[in-house]
Amino acid sequence: MACQSAPAIMDEQALLGLNPNADACYRQRALAYFEQLKESQDAWEACAEALAKGIYSDDHVKFFCFQVLEHQIKYRHGVLNAAQQQLIRETLMKWLQTQLMNMHQEKPFIRNKAAQVLALTFVREYLTHWPKFFFDILTLIGLNPHGVDIYLRTLMAIDAEVVDRDIMHSHEEVRRNTLIKDGMREQCIPSLVESWFQILQAYQQSHSEITCQCLEVVGAYVSWIDLNLIANDRFVNLLLSQMSVEDLREEACDCLFEIINKGMDPVDKTKLVESLCQVLQSAGFFNVEQEEDVDFLAKFSRLVNGMGQSLVLSWTKLHKTGNVKIAAETLRAMEAKVPLMLQLLVHEDDDISANIVGFCYEYLHVLKQLPLLTDQQKANVEAIMLAVMKKLTYDDEYNFENEGEDEAMFVEYRKQLKMLMDRLAQVSPELFLGSVRRVFNNTLQSWQTAPFMEVEVAVRLLYMLGEALPASHGAHFTGDAAKASTLQEMMRTLISSGVSEYQHASVALEFFETVVRYDKFFLVEPQHIPNVLMAFLDHRGLRHSSPKVRSRVAYLFSRFVKTLHKHMNAFIEDILSRIQDLLELAPPENGFPALLTNDDQLFIFETAGVLIVYGESPAERKQALMRSLLNPLIEGFRLLLAKLPQEVDEDRQTVLADCLSHAVGFASRTSKAFSNKQTVKTCGCTEVYRDCLHAFLPALSCPVQRAPLRSAVRSFLHRMIICLEEEVLPFIPAASEHMLKDCEPKDLQEFIPLISQITAKFKGQVSPFLQQVFMPLVLAIFEVLGRPAEDNDQTAALEKQMLRRSYFAFIQTVTGSGMNEVMANQGAENVERVLFTIIQGAVDFPDPIAQKTCFIILTKLVELWGGKDGLVGFPDFIYKHIVPACFMAPLKPTFDLSDAQTVLTLSEITLTLKMIHLKRGPEFIQFLQQEYLPSLQVSADITQELCQVLEQPDVKVLKNYMKAFFQRGKL
C-alpha cells in the first residue's frame with residue numbers, strides 16, 4: 001500500500017459541515033476541506049483508508065470520500081505514482097468486499113457514486129494497469145446479491161463513459177473508448193454475457209430489482225457486442241420466460257427491443273424477428289385485448305413497433321438490391337404483423353397507440369412504393385384509416401377551457417395521427433376521400449344527437465383533407481373534378497346542416513377553421529356567404545360563450561373578409577352595425593369583462609377597415625364610415641389623455657396608458673387596408689387620419705408613462721408615412737422634438753428606424769428637417785451611449801450595442817439617400833465628431849454587423865467627398881483615419897476571419913479601399929507604398945503585390961487577396 005505509516009487523520013470538525021442541516025460556517029469549512037483534499041498530494045489517502053476500513057457510518061461522509069477519490073481519478077490520475085494508483089484499486093476492492101458481508105446495503109446514491117468511481121478507474125486503467133478488472137470483480141462477488149448490484153451499476157456507469165452517444169467526447173476520448181471496446185470484445189465480453197445469464201437465471205424469482213438491472217445492462221451492451229452471444233435459443237428463451245413474470249416483463253420487453261434494434265444483415269434480421277414473433281405469439285402475447293396492464297402494453301407496443309420497423313428496413317434493403325424472392329417473404333412477414341399493429345393502434349390508451357405509429361407510417365410508405373395494391377393491402381389501408389379516425393376523437397376528460405399536460409400530450413399525439421392521415425392520402429387518395437366523405441356525411445346527418453367528439457372529428461376530417469390532398473394556392477375547387485365535386489358537396493353539407501349551432505367549443509372552432517381553410521369555395525358558390533357571415537357574427541362565433549372561440553373567430557373573421565371582400569358589398573353596413581359594440585374602446589374603469597381582448601379587437605378594427613376601403617360606396621360614404629369608426633377612438637383618447645397626468649396612483653396610470661396605447665393601435669390597424677397614399681385619397685380618408693395625428697401627438701409630451709405612449713404613437717407614424725406620405729411631414733418635426741427628450745436607449749433605438757424610414761422615402765424633401773434634427777439626434781445618442789453602466793450588466797451592454805447599430809444604420813440611410821448636405825451643413829466640428837464615431841465603430845467595437853455598416857458609410861463618404869471638388873480637408877481625413885481603419889480593424893484579435901459576418905465586413909473594407917483608389921488614383925498608391933504600409937513593417941515585395949492587386953479592375957481578386965493578406969498578418 002502507498003502509506004503504511006501512521007493512519008491518516010481526517011478533519012472531524014470539517015466533516016460535520018457535510019450534513020445538509022449543518023450551520024453555514026461548518027458547511028463553508030467542509031467546502032474548504034474538500035478543496036484542500038482535492039489538490040493535496042496525499043491527504044486524499046485518508047479518504048481511501050476511511051472507505052477501505054469502513055471507519056465512518058455517516059452516509060454523507062462516505063459519499064464525500066468517494067467524491068475525493070473520484071476527483072483524483074478524473075483529474076490527477078496521470079500525476080499519481082504507481083503506489084497511489086495501487087492504493088485506489090485496493091481501496092475499491094476492499095470496499096466492495098465489505099459490501100458482500102454487510103447485512104444492509106448502502107443507500108442507492110452511495111452505490112451509484114461507487115459505481116461511477118469504479119467505472120472511471122476502469123476507463124483509466126483497463127488498457128494498462130488493470131486488464132483483469134472484470135475477472136477480479138466477478139471472482140470476488142460470485143452471485144452475492146449486494147456484490148452483483150454494484151457490478152451491474154458499474155457496467156451501466158461504464159456504458160455512460162464509453163458507449164453513450166448522447167454524451168459529447170473529444171477525439172482522444174473517442175479513440176480511447178474504441179480501444180476499450182475492442183479490448184473488451186477480445187478479452188472479456190463472453191465472460192460478461194455468461195455472468196448476465198447466470199444472474200438472470202439465479203435471481204428472476206427472488207430479486208426482481210437485480211434481474212431488471214441486468215436486463216437493462218444487456219439492452220445497453222447488445223448494440224456493440226457480438227449479437228450471437230445474446231440472440232441464441234438459450235438466452236432468448238430465458239428472456240421470453242421473463243416476459244411472463246409481472247415484475248420483469250417491462251424490462252424484458254425493453255431488452256428484446258434493443259436486440260431487435262441492432263444493425264445486421266437484412267435476411268438475418270428477418271429470421272430473428274420471425275423466430276421471436278413465433279415464440280411471442282405461441283405464448284399468447286398477441287392477444288392484446290386480454291391484457292389489462294397498460295404499462296406493459298406500452299412497452300410491448302414499442303417492441304412490436306421495433307420488429308415492424310426492422311422488417312420494413314430489411315424489405316427496403318432487399319428491394320433496392322433486387323432480391324425479389326426474399327423481399328416478397330419479408331413483405332409477407334411484415335403484413336402478418338398488421339392485425340397486431342391495428343389492435344395496438346386502436347387501443348384506448350394513447351401511449352400504447354402512439355408507440356406503434358412509426359411502424360404504421362413506414363408500412364404505408366412501403367405500400368406507396370408498390371405498383372398495385374392487393375385486396376388485402378387495400379383492406380389494411382382502410383382498417384388503418386378507420387383506426388386513425390377513431391383515435392383522433394377527444395375523450396370525455398379533455399379540458400377545453402383549462403388545457404394542461406394531458407391535453408398537450410393529446411395534441412402532440414394528434415399531430416402524429418395527422419402524419420398517418422397524410423400518408424394514407426398518398427397511398428390511396430380515392431379511398432381516403434371516400435372514407436372521409438362517408439364518416440362526414442353519416443355524422444352530420446344526425447349531428448343533433450351525436451356526442452361532440454364525433455361531430456368534431458367529422459368536421460376535422462374535412463379540414464384535414466385540405467392538407468392531405470394539397471392543391472396549389474388552396475385551389476381545391478378547380479382541377480380534379482372528382483375531388484372538387486366531393487369537397488364542394490361536403491362544404492355545402494357543412495354549411496346547410498346547421499352544425500354551426502352545435503354548442504361545444506371544439507365543434508364551433510372546427511367549423512370556423514374549416515370555413516376559412518376552404519374560403520375559395522365561396523368564390524364558386526357565393527350564395528352561402530350570408531349564412532356563414534351570420535354564424536361569424538352571432539352566438540355561434542364572435543358572441544360564443546367560450547372566450548377561446550371568440551378570440552379565434554375574431555382572427556378567422558378577418559381572414560374570411562379579406563379573401564372575400566369583393567363579395568361583401570351588399571353586407572358592409574349591416575356587418576359594421578352588428579360589430580359596433582366590439583369596436584368600442586373598453587374604458588379602464590368599466591369592471592365588466594369585455595367580449596374580446598384588446599388583441600382580438602385589433603382584428604375586428606382591421607376587418608372594419610377592409611370592409612370600408614374595399615366596398616363599392618362613393619368616397620363620401622367611405623369617409624363617413626371611417627369617421628364613425630375612428631371618431632369614438634379620438635374622443636376616448638382625448639378624455640383619457642386629459643385624465644392621465646392628474647392620476648397619482650401608478651397602477652392606475654399604467655391602466656390608462658395601456659388603454660391609450662390600444663386606442664392608437666386600433667386606429668393604426670384600420671389603415672392596414674390601405675396600400676399607399678392614393679387609396680387613402682380615393683376613399684376620402686386623408687382628413688380622418690390627419691385628425692388622428694392631431695389627437696395622438698400631444699401624448700408625446702405627457703409627463704408620465706412616456707415609454708408605452710411614445711411606442712404607440714411611433715408605430716402610428718410608421719403607418720401614416722405609408723398611408724399619408726408627404727401629408728405626414730408637417731407633424732414630424734414636433735413629434736421628433738418630443739421623442740428626443742429624456743430618452744432611454746430603447747426609445748432612441750425605436751425612434752431611429754422612423755427617421756430612417758422618412759429619410760429613405762422622402763429624401764430631398766426632408767433635407768431641411770434632417771439638417772435641423774441631425775445633431776440633436778446624434779447628441780442624444782452620444783449622451784445615452786456615454787452613460788456609465790456596471791461591467792457585468794449584460795442588458796445595458798446589449799442595449800448600447802443595439803443603439804450603436806441603429807445609429808450607424810441611420811448615418812448609412814442619410815449618406816445612401818444622396819443627402820450629403822445633411823451632414824456637411826452641421827459645421828466642421830460636428831462633422832468631424834460624427835466622422836470619428838464612424839471610425840471608432842469600424843475599428844474599436846468587436847461587432848461585425850456595426851463594423852460592416854461603418855465601412856459602407858466610409859465608402860459612400862469617400863465617393864461623395866473624396867474627389868477633387870469634395871469636402872475641404874476630407875482627403876487628409878482619408879489618409880489619416882480611413883486608410884488606417886481599413887488595416888487596423890482586420891488586424892485586431894477580435895476580427896475573426898472564420899466568422900461569416902466578419903468576412904462580409906472584410907468585403908466592405910475591400911470596397912472602401914477600392915473607392916479610395918478610384919477617387920485619389922496614383923496618389924493613394926504612392927501613400928501606401930512610401931508611408932503607410934512601411935509603417936506597419938510590411939515588406940517591399942508584399943507592398944508592391946498589394947498595390948498591383950488594388951490597381952487591377954477585378955474586385956473579387958482583391959477581396960480574396962485581402963483575406964489572405966490579413967490571415968498572414970495575424971500569424
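**Exercise 1.** How many residues line the largest pocket, and which of them lie nearest its centre?

*Solution.* The structure is a predicted model, in which local features need pLDDT of at least 70, side-chain atom pairs count only at pLDDT 80 or more, and totals for chains, interfaces and linings use all residues. Residues are numbered from 1 along each chain as its sequence is written, and side-chain values use heavy atoms, with hydrogens and water left out.

Step 1: a pocket is an open set of points on a 1 Å grid over the protein atoms alone, where a 1.4 Å probe fits and protein lies on both sides within 12 Å along at least five of seven lines, and lining residues have an atom within 4 Å of a point.

Step 2: the lining of the largest pocket comprises 26 residues, with E348, D350, T393, D395 and F410 nearest its centre.

**Exercise 2.** Find which helix supplies the largest share of this lining.

*Solution.* Step 1: helices are DSSP runs (H or I, at least four residues), numbered from the N terminus.

Step 2: at least two lining residues come from each of α18 (350–354), α20 (375–391), α21 (405–427), α22 (429–445) and α23 (452–468).

Step 3: the largest share belongs to α21, with 5 residues.

**Exercise 3.** Describe the lining of the second largest pocket.

*Solution.* Step 1: 29 residues line the second largest pocket, and R414, R460, Y463, E510 and E513 are the closest to its centre.

Step 2: α21, α23, α25 (505–517) and α28 (547–563) each contribute at least two lining residues, and α25 gives the largest share, 7 residues.
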